[in-house]
Amino acid sequence: MGPGVETVAPSGTAATGPGAEPAAPPVRATRPRNRRELIIAAARELFSRDGYANAAMSDIAAAVGIGPSALYRHFGGKQELLHAVVTEALDSCLAGLYPAGPGELDALVQDFAASALARRELGVLWQREARHLPAEQHAELTRRLHAARRTLAGQLSAARPELGPAHTELLSWGTLGVAASLAYQHVELTTPDLVARLMHRVATSAPPGLGEPRLDAPRGTLRHRSRREALLAAATELFAERGYASVSLEDTGAAVGIAGQSIYHHFASKHDLLATAVHRGAERLWVDLAEVLASALDHAGALRHLVWRYVRMALVSRHLVTVIATEAEHLQEADRLRTRQFQRDYIAEWLELLHAVHPAMTPAEARVRVQTVLTVVNDVARTPRLATRPGIDRALYQLDCELLELEPVPLPE
C-alpha cells in the first residue's frame with residue numbers, strides 16, 4: 001500500500017463486518033482449549049488495526065480475557081506472537097491456491113477469493129507489520145509467499161499456455177494484489193463473489209509486451225544541491241529499505257555527508273523528516289489530480305489519465321510509496337490524522353470519476369475496485385523484478401483500466 005491507500009484499520013472481516021459488536025472475551029476463570037488460537041485472533045485484530053508498535057501485550061491479554069502472565073505461558077514475547085500471527089494469516093489466506101486442479105481457473109479464483117476474504121488482514125500484516133520480525137523469520141515467510149506465487153503462476157500457465165514467463169509473473173502478483181487490497185477495504189464483503197471476479201479479471205488479462213528486468217541498471221549519480229532536499233531524499237530511501245524505527249537522524253545525515261547539529265538546521269526531528277516525506281507525496285498526488293481534471297474532456301478520459309499518472313508516480317517513487325505504506329503508523333497523531341483525511345479525500349476523487357463513468361455501479365463495488373487498482377500498482381512498484389521491466393507502465397495501465405471496466409485506449413501522453 002502506498003499513496004492513495006488509506007492506512008486506517010480494516011473495517012472488519014467477512015464474519016463481523018463494520019459496526020458489528022466485538023465478540024465478548026471469555027470469562028477469565030475459564031480455560032478454553034483453543035486459548036492459543038484466541039490469542040492469535042485477538043493479536044491479529046489489534047496489530048492490523050493499531051499497528052504492532054501501538055498494541056501492548058496487556059491489550060491483547062485483555063481482549064482475550066486473561067492476565068498477562070497467562071499470555072506469556074503461550075508466547076515468550078510480542079515478537080514471537082507477531083510471528084505466529086503473520087504465519088497463520090499467510091498460510092490461511094494462501095490455502096485457497098492449492099485445491100483447484102491444473103488449469104481450473106474458475107475454481108482457483110473462487111477458492112482463493114474465499115480464503116483471502118477469511119484472512120483479509122493479511123495485506124496490512126505482511127506489508128506493514130512483518131517488517132518488525134527478525135530477518136531470518138521474515139526471509140522464511142517471504143519464501144513461503146514466493147512459493148505460493150509460483151503455484152499461482154503454474155496454474156495460470158496451465159490455463160493459458162500462450163502466456164510467457166513475464167506475463168504470468170505480472171498476473172500472478174496482480175492476483176495476489178487483489179487479495180492484499182482486502183486489508184484496506186472499508187466495505188462489508190459478505191461473499192467472495194466480487195473478489196473472485198476481480199481476480200478472474202486479472203488472471204485473464206492480456207497486457208502488452210514486457211522486457212527483461214533491469215535489476216542491475218546503473219543508478220543516477222546526480223544529487224540535490226539543497227541539503228534539506230538531500231536529507232529528505234536519503235531519509236525516504238532509508239525508511240523504505242530499513243524501516244523508520246531502525247534509522248536514526250545520524251544515519252540520514254551520514255548518507256549525505258552532514259553530521260552533528262547541522263542536521264537540525266533543516267529538520268527538527270526524525271518525526272519531522274517522516275511527516276515531510278509523507279506530505280510531499282500527498283501534495284504530488286493532488287497536483288497530478290488537478291492537472292488531470294484541468295485537461296480532461298470527459299470523465300472516462302480523466303479516469304484513464306489519472307490511472308496513468310498514478311502508475312508513473314508509483315514506479316518512479318517506489319521508496320515514497322513504501323514509506324507511506326509501511327511507516328505512516330509512526331507519524332505523530334496530528335500528522336497521522338491529516339494523512340488519513342488526505343487518503344479519504346483522494347480516494348473520493350477516484351470514486352466520483354468512476355461513478356460518472358459507471359452510474360449503475362454500487363458505491364461498495366466502486367470502492368473495492370479503486371482500492372484494488374491502487375494496491376496492485378503499489379505492490380508492483382515495490383517488486384523490483386516487475387517494476388524494472390520495460391513496458392511495465394503500459395501493462396499496469398491496461399490492467400488497471402480493465403479492473404475499472406474502462407476501455408484502455410489510447411494511452412495518455
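This is a predicted model: local features need pLDDT of at least 70, side-chain atom pairs count only at pLDDT 80 or more; totals for chains, interfaces and linings use all residues.
Ground rules: residues count from 1 along each chain as its sequence is written. Local features need pLDDT of at least 70 and side-chain atom pairs 80 or more, while totals for chains, interfaces and linings use all residues, and side-chain values use heavy atoms, with hydrogens and water left out.

**Exercise 1.** Work out how W286 and F342 are arranged.

Step 1: Rings of Phe, Tyr and Trp (its six-membered ring) pair if their centres lie within 6.5 Å; planes under 30 degrees apart are stacked, over 60 edge-to-face, the rest tilted. The whole structure has 8 such pairs.
Step 2: W286 and F342 sit 6.0 Å centre to centre with 70° between planes, so this one is edge-to-face.
Step 3: W286 belongs to helix α12 (residues 270-295) and F342 to helix α15 (residues 333-357), 56 residues apart. Helices here are DSSP runs (H or I, at least four residues), numbered from the N terminus.
Step 4: Buried means under 20% relative accessible area, exposed over 50%, partly exposed in between (1.4 Å probe, protein chains only). W286 is partly exposed because its value is 24%; F342, at 11%, is buried.
Step 5: Ring pairs also tie W286 and F342 into a cluster with Y310, Y346 and W350.

**Exercise 2.** Which ring does the charged end of K78 sit over?

Step 1: The criterion is NZ of Lys or CZ of Arg within 6 Å of the ring centre and within 35 degrees of the ring normal.
Step 2: K78 sits over Y52, 4.3 Å from the ring centre.

**Exercise 3.** Find the average pLDDT of the chain.

Step 1: pLDDT is the predictor's per-residue confidence, from 0 to 100.
Step 2: The chain averages 89, and 91% of the residues score at least 70.

Notes:
Helices (H or I, at least four residues) and strands (E, at least two) are DSSP runs, numbered from the N terminus.
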